[in-house]
Structures are given as C-alpha cells and as structure tokens.
Amino acid sequence: MPDRAVFFQRYGVGLALVLLIIFNLAVTPNFATSQTLAVNLTQVCTIVIVGVGMTLVIATGGIDLSVGSLMAIAGALSPMFFTGELFAAPLYVGIALGIVVPIIIAGVFGLFNGWLVTKFSIQPIIATLVLFIAGRGIAQVSTNGDLQVFKVPEFQAIAIGRVLGVPFQVWIMLVIVAVAAFILHRTVFGKQVLAVGGNEAAARLAGVPVTRIKFLVYAISGLCSGVAGLIVIAMNSAADANLIGLGMELDAIAAVVVGGTLLSGGRATIVGTLLGALVIQLVRYTLLANGVPDPAALVVKAGLIVLAVWLQRQEQN
Amino acid sequence: MQAISKSFGGIPALSEASLEVMPAEIMALVGQNGAGKSTMIKILNGAYVRDSGTIEFDGGPWTAGSPQQAQRAGISTIFQEINLIGYRSVAENIFLGREPRRAFGLLDWKKINDEAAALLARFDVRVDVRAPLEHFSTAIQQMVAIARAVSFAAKLVIMDEPTSSLDEAEVDVLLRTVRQLKAEGVSVLFVSHKFDELYAVCDRVTIMRDGKTVAVTPMSDISKLQLVASMLGRELDEVAKKGATAFKGGTGNVGGELLAAKGIAIGHLVRDANLDVRRGEIVGLAGLLGSGRTETARAIFAADQRAAGDVTFDGAATRFKTPAEAIAAGMGYCSEDRKSQGIIPGMSVAENLTLALMPALTRSGLLDEAKQREVVERFIKEIGIKCAGPNQKIRELSGGNQQKVLLARWLCMNPKLLILDEPTRGIDVGAKAEIQSLIRRLASDGLGVLMISSELEEIVEGADRVFVLREGRTVAEFDHENLTEGDIMRAMAHDDAEDRRQAEGASTSA
C-alpha cells in the first residue's frame, strides 16, 4: 500500500480540520468568535454522540441503521414524564425519569438489534433496518403523531444551558467521546470489540464472547441514540416523532467513515469520528458562509465520503 | 527477471533477485518464509510494482499493471487460498469476467457449461460444472483454478503452494496436471515446501534466501540435503545431524488420562470418532482430507456442536457450549487455517498473543498493559518469535512467526490440552523444526497434545500414539514403537482402492 495513503488515512482528517480552520480564519468574516464555535459545535453534537455508538458497532463489522428512529422513540417518550401528561410528579423527578427512562428504552431497542444480529445471524444492515422502519412508527404511535410542545427550562438545560460559556450538550458530547475512546483503547472489552471486527472466527476460537460483545455494542449504540434524541427535543423545546433524528444514520456513518474507522471492522477511532463530524460540518459551514448554496455543499460532503472510502481502499490493497 | 528489488516501508523484501523460466519448463521456487518468493511472484503478475530491475516476458520487456492484465498477457497465478467465488458454479468461475455471450448481451449458458466441462476433462476432472464451486473439495477447486488459467491461453502458470491443502491422491492428480501443462508447452513456476513434489515434476530449481536468489540448478543435480542447506544458508553436515523432523522419540513420562472422546458424530462428516490423550503425551490424528480430523477436533473444543458422543476431559464428562468454556476448562486449539481462523491481522503481536488471556490481565476492569507486555516479551524470548516488537502488526510477520504467536496465545494460558491442527503447515523449514521441538518440550512438561497433520513423517516421528480416521470413523490406533508411514497409509487408504474400482466399474458400465 502506498505510504502516502496510509498517512492520509491516519492523520488526514485532523489535517483537513486544521486546514479548514486556517482557511476560515483567513477568509470567512467573523469566524474567530465564540458564536461561530458554539453554532458549529451544537450542529455536530448529536451526530458525534450517535457516531460514537456507530463507531463501536462498525468496529465489530456491523452497522446500525436504526439510530435515527431510536432517537425519535427516546425524544417522543421523554416529554410525557416531565409535562405531567402521564402522571403528576415533582418537576425534577419528572425530568429525571424523562431523561433516564427513554435512554434505557432506546438501549433495550439496541439490545433487540443485537438479538437479531446474533441469534438469527441476520446481516446487521437488514437487522437494524427493522427498527429503522418500525422505530419511527413506534414513536409516532406513542404520541398519536402529535407535536408535543413544552417549555421546561430545567430540562432544556441539557442542550442549551451553558457551562464555562460552552453549551452543556457539547460537554455531554465530550464526556461520551472521552469515555468511549478510553473504553475502546484501554479495556479488554474494547480490544475484544476490535478482535471481533478484525476476525470473528478467530476471536471466537480464542474464547472472546462474540455474542455478548455484539449485544453490547448495539445496546451502546441505542443508548447513545437515546441521549441524542433528548438533546434534539431540548433544543427545539418540542418533540416531533416525524422529524427527530431523520437521516441521522447517514450523518453518523459519514462521520465515522471520514474519521478513519474501517467500515469492514477491526480498526476504529472514536476521536476520528469526532474530527470527521467536525470536518463535514465545517466544510458545509465554510461553503455557506462564503455564499455557496446548501445543495452544492451536499455534493462536497458526498465528495468527502468518497475520498475517505477511497483512502480505506488504498490501505486494504 | 533481473536484479529485482522491492521494499515495504523501508524494509527490503527483495534485493537484486533474479528468476528465469524457459518455455515449457517447470521451475521450482523454494526458500524459507520471508525469503521473497511471494513478493517475486506478485511483482511478476502485477500485484506489486517493483522498485527497480528488469523483466522480460515472451520476448519483450514486461511490466504488468495488474493481475488481470498479466492474465490476459498469458501469466496466470494460482494461489494457496483459492480466490474464486464459492457460490457460483464451476463453469461460471472458469469464465468469470469473460463469459461467452449471445445477441443482446445474453449469456450463452450452453457454451459456458460445455466448454468448461471439456476443459476440465483435459485434466481428468469430471464434475457437474453447473454445481456451485464450494460443493467440491479443495483439490477440485484447485483444478478449476488451473483450468481457468489454461483457458486464458496461459504461457506461464504460477502455482503458489498448490498442494498445501491436498491429500496424497489429490497431489498426484495435480502433479499430473502440471506435467500435462508442460506437454502443452506451458511453463510453470512451482512454489512448494514439499520436496518430494519438486523432485517429481520440476526441471530446475531457483533457491531464494533473504530477498536474494542464491542458487539456480537442475533439480537432478541437487540433493534434498543440499536444498535444505542452501535454503537455510547453513553448512551441510550441520543439517545432516538432524532427523527429518525435530521431534525426538517418545517421552516416557506419560501420565494418566486427560481426554477421552467416544463415538463423536457431526452431520455426515464424522460418524464414530474415538480417541484419547494422556497427560504429557503427543497423540497424532491422521487421515486423508475429508476424513473428519478437523471436525472431530473442533467438536472436542466446542467450536462446533457434536450431534452425538461423549467427551471426558480432566476427569469429568463435559458438554461445552462454546470454545470459551473449553478454554476455561484448560483446552487450547490452533486452527489449521492461520489466516482466517487464527490471527487478527490488523492487531499487534501483543494483542494477538494475549487475546485469550486478556480477561485475566486486568486491574480494576482495565487492561493491565504492563502485565501484558511482560507476558508478551517473555514468550517472544522463550519461543523465539522474530518481530520488531510487541506492537508490530501480526500480518507483517512470516507464517512461522505468526504460528508461534498463536501457540503462545495458548501457552500463556497454561493449558492442560493443546489441539494443534496442522501446526507446521505453510511455514519454512527452520520455523518448522523450532515448533516441532517446542511441541515435544511442552509434552515432556506434562501438556497433552492432540496433533493433526497431513505430513506423515510428522505423525510418525512426533506422536507417541496415533489414531487414524477414515470417513469420519476411527479405524486404527498405533503406538510410536515400530510405527511406519506405510502402517498409517494402509489404515487411511483401507478399502479406498476397492471403492474406486467399483465406482469406475459403475461409470464404465453406465
């Protein structure tokens, strides 16, 4: 394999990010403001959070198409707890339940994905297609398809509150990224995830609990989707089961791929996924801020993905 | 090919190597793993681009841009792992990518199937060419690959260890095919670790070592001993002191029963396999391809579930559901297929070596990397794994060193029983001897070893006892004393000749 391709594969996404920042500092007006930073970061938060779970799934050689629908389920269920629609509870109890229960439910749906993938050996892309389709339906049915509008600042703080001037959701994202990167690289579980993706048959013969690992990565992906779903409704102060997380699976996969995680499994980088999402966002921002219309920006985004996949191919050859 | 050089990431794989094959010549290419044979082949067929050197082919300068281009120009390569498409039919595989077409681009199925059958008939292979390739044995698949090469009007066929997964009867068929190619004016570059085959078919031999061509000589002018010496770069008498394998006799301190498997059955492959292993004993498991050796071993290790039979291990009846349970009880299993069932190619030596041990290498839930490093470095030193360090990717190691890492994966677990499926397949002579003497040493320390091998000398010299499987049944048990290769072959082949005569009789009368 050409060494240059390996270099770009490994550091390309970081390099691209630095170049984009330099370019914007030079060209785009008002780029170096905390406002711009906050806008760009909040745009990628949910993508990165979902992308973390997606990275782990892809690291095992799988894929999770259901993430957007699981976001919708978590986002649609959450308001019922703190708007007092289901039952009257003290506000903070309601908020706590409105956060914890939907995330757990999304995690359980993730386990369902893992169950389909492991027990029936269904290809992940098909197995998770089930909830991609059914999940949004479940979200819509549970809210009768209604838009739930609410104004609960105590809950919305998870998205729009600020700590040290940075939106709280960015902190959530950073913590999730840090914890996941640590798990992937420093724990036995992380190594086993990569082993399963690198060579499943060999991993199984070496006693790696392949089934359990797969269950867990899909569950983690579900949990991450749940968190992202809550952030979306907190930002919008409304829950619309039709729209929460729409198209998220593709944004997340794009971030993972551009970040340098191998789609076939076995090599993964959580920080890469963060950088990948930032690069995609910043490219779009750069084009928009400099007068290029959004449809054209989409083409550039597609180009980025093609480039990332091409680099992966170079390494495999 | 003259003065060919090639480096990977600064490490030279070839330095000024040369290779010459005459028309209608069968040239052997030998060398230890890492000598540069594969790199040489891949440069010739366009998979790699050379750094320097010149190549002439068919009377002109030659540079292949890709294996496909090489194939069209008349250089076909048949790899150790057959890279055809298992679920497509035999005929489709032969014509893959250039299927005869009729009007409107429709495939001409009749022509495809007829021509495929005719082509295979030239090599005495008579199979249903419409059946999926994967339904056939490795040998048949290999013949299909050769037929495919010939159908490209190949002038040079490169065979990279074509016989490594064939049994002896199949090897004969393959060698006959190689001679047939020569008779038709095709040149063959034959890479193999098995000397008998080289002497049987090759005209000349090119010996490579450390990326250089060290000798080119007619096959009839060089003895096996000289060949080995030349490959290893050692003096003749040094080699002469060694036996054919590095196993040394029976141990004499065999202990009590460790494993007993009775009446193992899985599908139609294994019907009634019986064997037992005692502590400190190397038990050989012999049989032709398709005799159910590997399947029996996998059932004992719970890699596959057995349909029937009892396994007693370490004094208790067992019914493991997963390899993890077998491992916890004290078993280890090295698969015959290093690449697809052994190594995790993208992971480091350290990660591969401790893959099974890892859960025990934790401190408050985290991987204890200091402890991991300690284990890895101890084994690198103890069994002589040649690598740049614990963090080198295992895929960059030679086959022999990969195998040592996989052995160490189990040894660091302190197992009671190690099941070794073809422990020395596809690795060079030096590493082979090291692994053989390591196995013997481990057995003298009390480890029970169940060793599957296609190489009879390995079974005969290495095993304290031998079980022979035929068509999924244990048909013979031998002690090391006075055992000959003939005994085993007779047990493996028993009735086979009779069956074949009957089958032939049936087909001629039909």
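**Entry 1: contacts and ground rules.** I began with the meaning of a contact: two residues are in contact if their C-beta atoms, placed from the backbone, lie within 7 Å. With that in hand I looked up A:Val48, which, leaving aside residues up to four places away in sequence, touches A:Met173, A:Val177, A:Ala255, A:Thr273, A:Leu274 and A:Ala277. I noted that this is a predicted model, in which local features need pLDDT of at least 70 and side-chain atom pairs count only at pLDDT 80 or more, while totals for chains, interfaces and linings use all residues. I also noted that residues are numbered from 1 along each chain as its sequence is written, and that chains are lettered from A and ligands numbered from 1 in the order in which they are written.

**Entry 2: confidence.** I then looked up pLDDT, the predictor's confidence in each residue, from 0 to 100. Chain B averages a pLDDT of 82, and 87% of its residues score at least 70. I use helix and strand for DSSP runs, numbered from the N terminus (helices are H or I with at least four residues, strands are E with at least two). Within chain B, confidence is lowest in helix H9 (residues 236-240), at a mean of 45, and highest in strand S17 (residues 331-334), at 94. Residues 237-242 of chain B stay under 50, and the model has six contacts for them beyond four places in sequence. Residues 495-501 of chain B are also below 50, and this stretch has zero contacts in the model beyond near neighbours in sequence. For the complex, the predictor gives an ipTM of 0.83 and a pTM of 0.71.

**Entry 3: where the chains meet.** I found 20 residues of chain A in contact with 25 residues of chain B. On the side of chain A that touches chain B, helix H8 (188-198) and helix H9 (200-205) of chain A each supply at least two residues. The residues of that side of chain A divide into ten nonpolar, five polar and five charged, where Ala, Val, Leu, Ile, Met, Phe, Trp, Tyr, Cys and Pro count as nonpolar, Asp, Glu, Lys and Arg as charged, and the others, Gly among them, as polar.

**Entry 4: the layout of chain B.** I recorded 19 helices and 23 strands in chain B. Its domain assignment, with bounds from an automatic or database source, gives domain 1 (2-240), domain 2 (242-330 + 415-510) and domain 3 (347-412). The centres of domain 1 and domain 3 of chain B, taken over C-alpha atoms, are separated by 34 Å.

**Entry 5: burial and a covered helix.** I call a residue buried if 20 or more other C-beta atoms lie within 10 Å of its own, exposed if 12 or fewer, and partly exposed in between, with C-beta atoms placed from the backbone. By this rule 47% of the 510 residues of chain B count as buried. How many residues of helix H1 (residues 37-44) of chain B are buried? Eight of the eight are, so helix H1 of chain B is largely enclosed by the rest of the structure. After H1(B) comes B:Gly46, whose phi is positive, near 90°.

**Entry 6: covered strands.** Strand S14 (residues 282-286) of chain B has five of its five residues buried, so it is largely enclosed by the rest of the structure. On one side of S14(B) are B:Ile282, B:Gly284 and B:Ala286, and on the other B:Val283 and B:Leu285. I count strands as paired if DSSP finds at least two bridges between them. S14(B) runs parallel to strand S21 (residues 448-452) of chain B, joined by four bridges, and B:Gly284 has B:Met451 as its bridge partner there. S14(B) also pairs in the parallel sense with strand S22 (residues 465-470) of chain B over four bridges, where the partner of B:Gly284 is B:Val466. Six bridges join S22(B) to strand S23 (residues 473-479) of chain B, and these two run antiparallel. In their hairpin, which has two residues between the strands, B:Glu471 takes a positive phi near 45°.
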